[in-house]
Structure formats: structure tokens, C-alpha cells
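Hello,

Here is the structure I promised to pass on. Have a look at it first, and my notes follow below.

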Amino acid sequence: MLTIRNLHASIQDEKQNTKPILHGINLDIQPGEVHAIMGPNGSGKSTLANVLAGRDHYQATMGEIFLQGENLLTLLPEQRAAAGLFLAFQYPVEIPGVNNMYFLKAAVNSLRKHRHLPELDAMDFLTLIKAKIKEAKMDEKFLHRAVNEGFSGGEKKRNEILQMLMLEPALAILDEADSGLDIDALQRVAEGVNSLRNSKRSIILITHYQRLLNYIIPDVVHVMIKGKIVKSGGKELALELEEKGYSEFINQVTA
Amino acid sequence: MSNQYIKQVVNQQYPYGFVTDIETDTFAPGLSPHVISQISKRKNEPEFMLAWRLRAYEHWLTLTPPKWAHLQYPEIDYQKIIYYSAPKVKKPGPNSLEEVDPTLIETYNKLGIPLHEQARLAGVAVDAVFDSVSVATTFKEKLAEKGVIFCSFSEAVKNHPELIEKYLGTVVSFRDNFFAALNAAVFTDGSFVYIPKGVRCPMELSTYFRINAANTGQFERTLIIADEDSHVSYLEGCTAPMRDENQLHAAVVELVALQKAEIKYSTVQNWYPGDAEGRGGIFNFVTKRGACRGKQSKISWTQIETGSAITWKYPSVILQGDDSVGEFYSVALTNHRQQADTGTKMIHIGKNTRSTIISKGISAGFGQNTYRGLVRVAPTALHARNYTQCDSLLLSKTCGAHTFPEIDVKNKTAHIEHEAATSRISEDQLFYCRQRGLTVENAVSMIVNGFCKQVFNELPMEFAVEAQKLLEVSLEGSVG
């Protein structure tokens, strides 16, 4: 599904200064697998997500990324989305005045167009979204509000899950999907993600805390420190981290 | 990087820039009492009209052009302008569509305004003004059944002089300002609407203005009278050919709403804006004002201003009648070197009068966008209310947005609210949309449309669609 080879990446700030963040990431994710990437603040987890999605000012300086055989680094963000990549944002963005349903319809049909599929008409779309919103256990009134405008933190995160359910990505990356959520909201988000799990879809969970992984059980856990993956293991690695913290790994890297 | 994309999106061509080759009856440039009498004579006007024009002219001579607006443009030489240009017709005026020159019909078809019967399907009655004269008014008969008068201004002067004499200049006096005086002296045509008591106009009325001839000023005048308890929705559209020199458009619109009457006036203004370097384009100096004379009357202005090199325009409402309502919804877009100084005046005189102002300014390229508003509450206006919201969206680092709101309250019971915000399309918003599969083009137009939504919601359906498309076209390459 996803192959990352020796990825080095930098962030460019407004003054065009570049700051190297990722120092040789290697990652192999098979179809159907859920990988958790854990690490302390500033370790480069979110940078990795943004580089994968092709955000401006996040530049891969070395290495390669393939998603289902496609060379992601040559694609625009919208082309990466069409290739099956979905990023659930840590801070979902508000788009005032743009109806949530209208936005989703434009997104679904834009992706279908990229994929040379016929666009959904209003009726088909409505049928689909009504089913999905039930699945996400959200109120239909969400659809008639402007995208994320005035949404609570939990509503925003759930709206991301709704979008994910609608767009059915091959690879979903969830950046801090659990941040700022109470336990009920966390469970709902986890249910949404779990309902998407199948043998063809891969998921990357980026998270600080082990808490989310109680609800979404990962196949593989990676520890990221200072732009490198320093250890990979099974789900028990997350528990170990919870117990011991990151200091042991940080000391390893700096030593 | 994203700025480059916005640039691409905002750079498309003005599609209405063609010139129609047609024989015209055109005066030599210049303005004098003689020219004014000639105009009046061409129009077979009654004596009172010529006298009024000449008084306006005398007054105009005492005035100087207003300098207070946030606009920069070269001095206009009023002696170089042609004040009358009309397509040549064998007879004094077209009596039916069959008599209208086919070239004209073709021009309007190109502009997407069907003058023929298909217009009825759209439910819109159209009056079309080509340069200085009105060439055709559709659906006159159907409207006549209801007693609605919808015709060119010239016809109204001929057939309903009593209404003209009673209402002309009563909302916008020729003493009002420089351009209103000039218009009164030389206006050549325009539209006239009268809705009788208790009648709800069965269709949207629409006027389409087109400037074709070179060096010609267009001075039209529109007068709409809604008698007691009547209702009318009126649409106005404008285009002009692409020319390197500037052309002057100085119109006057007067609305009168009597007791319980309602007038909804929507404009999609797409005069030629000039090229990317600011060559050419229309100078649009327009005075629009409505008077809510009767109790519980309502006047609502909605404008989408995307064209013109210069826009100077403040559609206003005088709220005389108790419980009357005034509204102003505006989207003004300036791109390249366009400049707009636009807004409204809400003058509260009657008791319990209410007004709403929603202004959305979008600036791109080197565009300068100014909101200028006045909310005045007279001592008589007990419990007047106003809500104003003016928002600016900046699409480049070289554009400007300016706000000059003036609030003048002389009654303690008034309740006035004013909100304002300035924003940009953020990189976050663009990336978010693109991550969901939208192209930059779609993302920018979606965000801009979202910004304008409150105003678009006020437009009649068919205009709302046109307005959205127009924004996409007008957002030509300008962010950097």
C-alpha cells in the first residue's frame, strides 16, 4: 500500500528559511494494516503527515514515497487525494458560508472526476450521505451548517470522520484524532475509524497518547523521535511507552 | 506558491468585449443648451421636460466633480463626450420586436439576453437599452393586463407624462450631486415601471444596458413607482465592449414605494473593467436612491459589482414612512487596477424604521475597494434600528480594502449595530480543500462564494447563478 524510503524533509518558513525535520524515514504499510506513529511534541509526526499529503512549504529533500505504486512526490495535493490518500486534520479548517453538504458533494465528485468515474447526481449523493451520517452517528443538521464553522472541537473531529466515510480512501492518515476529545467523542471517532477497517484499506494513526489505541487496536506501533523512527513493534509497544514515557528513546537518540 | 494558483484562477477574459457594427444616429461630441434641446427634440418630449433639463444644466455648470471618494482617475473632459447615439431606425421607434434591427437582437443573444418569447419561459420581462435608446421591451401585453406599466423612459414621457411630471426628480433631485445634474440634463433613455395599487407584478422585470458606440456616454434614468400594497422585483444587467479609452456611465435610478409597497432592485454590474494594466474601462458614476414614502413600505437593493474601472455608487433608502424597511446587500469585486467606492445611505425619518446593510468587498490584484456608508437617524425616528456588517476579503498583497462608515444618530431610542471584518483566503483553507480533492480553481471560487453567500441569497434564482459564474470570470489573475 504505502512505501516510504529514506525520506528527508524540511519545512520552509515565511522568510524562505528551511528547517530539516525528517531524517530518513522508512515505512512499509500493507493493505489492511493499521499503524500508529507515536512520539513526543516536535518529533516530526505531523510533518510526516503533511509531507505525505503534499502541503506547501513541506518539502521532501531526499527519498521517495509510493502509494499503491504511484510516486506521490510528483503529484499535487488534489491528485494525491485522488490516488486514495486522506488526511484527517488535527485542526480542521473553517470555511465560512460554504455548506457542509455542498462541500462534500464537490469533494466526492471532484475525486470521482479525477478517477474517471461519472459524477453522482443530487439524488444518489443524498442517499449516500444519509447512510454515512447515520454510520457516523451525527445529526443531519450538520450537513446544513457551514464547513466546521462554529463547530465544537469534538464536532470538528467527527466531521473529519464523516468526510473520511464519504471519500472512502485507500490510506487514511489521522493526525491527533483524539486531541481535545472527551471519552464519548473519542469512542465515536474510534467507531467511525473501525468501521472503515477492511483488508484493502490502510490507516496511519498519529498520536501522543496510548489512549486512542485502546479503541483502535493497531497492528504496528512506531516510535518517532527527532525525525527518525527509532523503534517499531506490536501493540504492546504502545503500553510500554505509556508506562515509561519517551525519555529513554530521546536519550538513545541524543547519546 | 498558492498565490500563483489564485492568480491563474483569477485570470480569465472579459467575454462581452465585442463591438456591434451598426448604423447609428450620433451627435458630435460636446455639451451645450443646443445639444440638450436636440436630445429633447429627438425624443419628442413635452415642454416641461426640456425646461427641467435646462435647469439641471444651468445648475450643473455651477458644480465641480466630487473629490471626496477614495478614487483616482484623470479629469474627464465633458466636451469630448458624445451625448446621443442611437441605432438608426427607419421609423421613429420600434413598435414591436419585428421592427428591431436583427443585428441588435443577435448582440443581445450573444450576451445571453433572449428578447424573444423564450424569455417568457424564464419569467423575465426585459427592457434593453443600447447606447442611448431603449430598443425593445418584451411582454408588454401580459403586464398590461395587470395594469403594470413597463416601458422605456421615452415612451413613458410620451404616454404617461402625468406620472413623470409627478415623480421625476423627487427622489434624486438634479441638485443632489454633479453626476445627477449631468444626467438630468442629458439622459437619453432608461426604464419606467409603475405597479398599480394592490398588484403583485407577475414576473421579474429586467433591464439590460449595453454601451456600444465609442466615446459615448451612457446616461440612463430609471424610475420605478410601486403604488400602495404592490410588489415588484426588478433586475438590471450591464456590459460594454472592450475599448482602450474610458467611457462614462452616469445613471440615475429613483424608486418610490408607497404604503405597504415593496421594491426589490437587483443589479449585476459587469461593465468592461479595463485591461490588466488599467487601460480602458467604464467610469461608473451612479446615483441610486429609493424613498419609502408610505407606512410599512420596503426597498431592498442587492448589487453585484464586478465590472467598471471606477465605481462610484451608493444605492440608498430614505425611510420616511413609519415601520418602513431599507436593505442593502452588496458584493463588490475589484481586480487588476479597478477601483470601487461604494456603499449606501440609510436615512431614518419615520418611527420604527429598520435597515440592514450587508457589504462584501473582494479585492484582488491592485484593486482598491472602499465601503462608504451613512446611517442617519433623524430626531423623529423613534426606535429606529440598523444592523451593518461590512466584510473585506483580500486576495493579494497589493490590493486595498477601506471602510468609511458614518453613523449620525439624533434620537436616543435608536439601536445601531456595526460589525466589520477583514480576511484573506488562508493557506490552510486552500490546502484543506485540495486535500479533499478540489482543484485550486474550485477551492478559491468556493471560498469566495461562501464569503458572498449572504448577498447571493438575496438575488432572484437565475441571477444568483449568473452572479456566481461572473465572480469566477472576474477574479482574473491578480493575487501576488
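Which residues lie nearest the centre of the largest cavity? They are Ser359(B), Gly361(B), Asn369(B), Tyr371(B) and Asp391(B), from a lining of 14 residues.

Before going further, a word on what you are looking at: this is a predicted model, in which local features need pLDDT of at least 70 and side-chain atom pairs count only at pLDDT 80 or more, while totals for chains, interfaces and linings use all residues. Residues are numbered from 1 along each chain as its sequence is written, chains are lettered from A and ligands numbered from 1 in the order in which they are written, and side-chain values use heavy atoms, with hydrogens and water left out.

On a 1 Å grid over the protein atoms alone, a cavity is a set of points where a 1.4 Å probe fits but cannot get out; a pocket is an open set with protein on both sides within 12 Å along at least five of seven lines, and lining residues have an atom within 4 Å of a point. Grid points are joined across faces, edges and corners, and a volume is the space filled by probe spheres set on the points.

The whole structure holds nine cavities of 30 Å³ or more, and the largest cavity comes to about 90 Å³. In its lining, β19 (354–363), β20 (368–377), β21 (385–394) and β22 (400–409) of chain B each give two or more residues. (Strands are DSSP E runs of at least two residues, helices are H or I runs of at least four, and both are numbered from the N terminus.)

The second largest pocket has a volume of about 680 Å³. Its lining counts 24 residues, with Tyr102(A), Ala106(A), Ser445(B), Met446(B) and Gln468(B) nearest the centre. Two or more lining residues come from each of β7 (95–99) and α3 (100–114) of chain A, and α11 (440–456) and α12 (461–474) of chain B.

**Where the chains meet**

Contact here means heavy atoms within 4.5 Å. Chain A brings 35 residues to it and chain B brings 21 residues. Together the two chains bury about 2,300 Å², 60% of it on carbon and sulfur atoms; buried area is the accessible area (1.4 Å probe) lost on putting the parts together, summed over both. On the chain B side, Phe431(B), Tyr432(B) and Arg436(B) lose the most area, together 34% of what that side buries.

**Two sheets in chain A**

Two strands pair if DSSP finds at least two bridges between them. One open sheet has six strands in the order β6-β9-β10-β3-β11-β12 (chain A), with mixed pairing. Its edge strands are β6 (85–88) and β12 (228–233) of chain A. Strand β11 (residues 220–225) of chain A runs antiparallel to β12(A), joined by five bridges, and His222(A) stands opposite Ser232(A).

The other open sheet has four strands, β2-β1-β4-β5 (chain A), paired antiparallel, with β2 (18–29) and β5 (70–71) of chain A at the edges. Nine bridges link β1 (residues 2–12) of chain A to β2(A), where Ser10(A) faces Pro20(A).

Best wishes
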